[in-house]
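Welcome, and thanks for taking a look at this one with me. Here are a few notes to read alongside the model.

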Amino acid sequence: VRDVLSSLAIKIRSCKEDLDPQAVGNALYGLQGMSSDCSEVRDVLSSLAIKIRSCKEDLRAQHVGNALYGLQGMSSDCSEVRDVLSSLAIKVRSCKEDLDPQAVGNALYGLQGMSSDCSEVRDVLSSLSIKLRSCKEDLEPRAVGNSLYGLHALHMSSHHLRSCRPS
């Protein structure tokens with residue numbers, strides 16, 4: 001798998017065409033279960049971050065959900081993960097579609113293992129909260145579970161907690 005990932009990273013970097021939104025979602029979705037501790041995964045993430053930024057089309061709700069879902073278990077301590085998150089935050093903000101319950105659940109589920117001490121994670125969360133407020137559909141039980149499970153391990157410093165308290 002490591003050899004394949006190394007070869008893919010090279011091919012991604014040399015690809016002259018931009019990724020379309022479905023390719024962005026599918027590429028990251030395919031990384032689920034992989035570890036950002038692996039140098040080959042980090043190399044693929046680095047290559048994908050560049051391609052995500054150059055994607056000219058807006059992501060649709062499903063692409064947003066799939067892309068973030070694929071990052072589950074990766075560490076926001078990793079610069080390549082932060083680079084992908086930064087690129088995705090921009091794409092989430094520019095998404096013209098409302099997120100449906102499945103996209104919300106998948107997107108937040110993908111953040112498990114990340115730290116809210118990381119500005120890129122906070123940027124994605126901020127972008128998702130805007131999309132969540134505009135979600136017209138009720139969340140189904142599975143989406144609620146996935147959403148909260150993804151948030152369960154996010155570290156919140158006292159500064160973040162203070163900003164969440166009602167006045």
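This is a predicted model: local features need pLDDT of at least 70, side-chain atom pairs count only at pLDDT 80 or more; totals for chains, interfaces and linings use all residues.

**Notes on helix packing and the core**

1. The axes of α4 and α6 lie 7 Å apart, at an angle of about 25°. Angles under 35 degrees count as roughly parallel, so α4 is roughly parallel to α6.

2. Which residues make this contact? From α4 come Ala 61, Gly 65, Asn 66, Leu 68 and Tyr 69, and they meet Ala 103, Asn 106, Ala 107 and Tyr 109 of α6. Sorted by class, the contact of α4 with α6 has six nonpolar and three polar residues, with no charged ones.

3. Now for a second pair. Helix α3 (residues 39–54) and helix α5 (residues 79–94) have axes that come within 8 Å and cross at roughly 25°. These two helices are therefore roughly parallel to each other, and the crossing of α3 and α5 is left-handed. Among the residues in contact are Leu 45 and Ala 49 of α3, along with Val 84 and Leu 88 of α5. By class, this contact of α3 with α5 has six nonpolar, two polar and five charged residues.

4. Finally, have a look at the largest nonpolar core, which has 42 residues. Leu 28, Leu 68, Leu 71, Leu 88 and Leu 128 have the most contacts inside it. At least two residues of this core come from each of α1, α2, α3, α4, α5, α6 and α7.

Key
Residues are numbered from 1 along each chain as its sequence is written. Side-chain values use heavy atoms; hydrogens and water are left out. Axes are lines fitted to C-alpha atoms, for helices over the stretch in contact, and angles run from 0 to 180 degrees between N-to-C directions. Helices (H or I, at least four residues) and strands (E, at least two) are DSSP runs, numbered from the N terminus. Angles under 35 degrees count as roughly parallel, over 145 as roughly antiparallel, 65 to 115 as roughly perpendicular and the rest as oblique. A crossing is left-handed if the near helix is turned anticlockwise from the far one by less than a right angle, and right-handed if clockwise. Contact means heavy atoms within 4.5 Å. Ala, Val, Leu, Ile, Met, Phe, Trp, Tyr, Cys and Pro count as nonpolar, Asp, Glu, Lys and Arg as charged, and the others, Gly among them, as polar. A nonpolar core is a set of buried Ala, Val, Leu, Ile, Met, Phe, Trp, Tyr and Cys residues joined through side-chain atoms within 4.5 Å. Buried means under 20% relative accessible area, exposed over 50%, partly exposed in between (1.4 Å probe, protein chains only).
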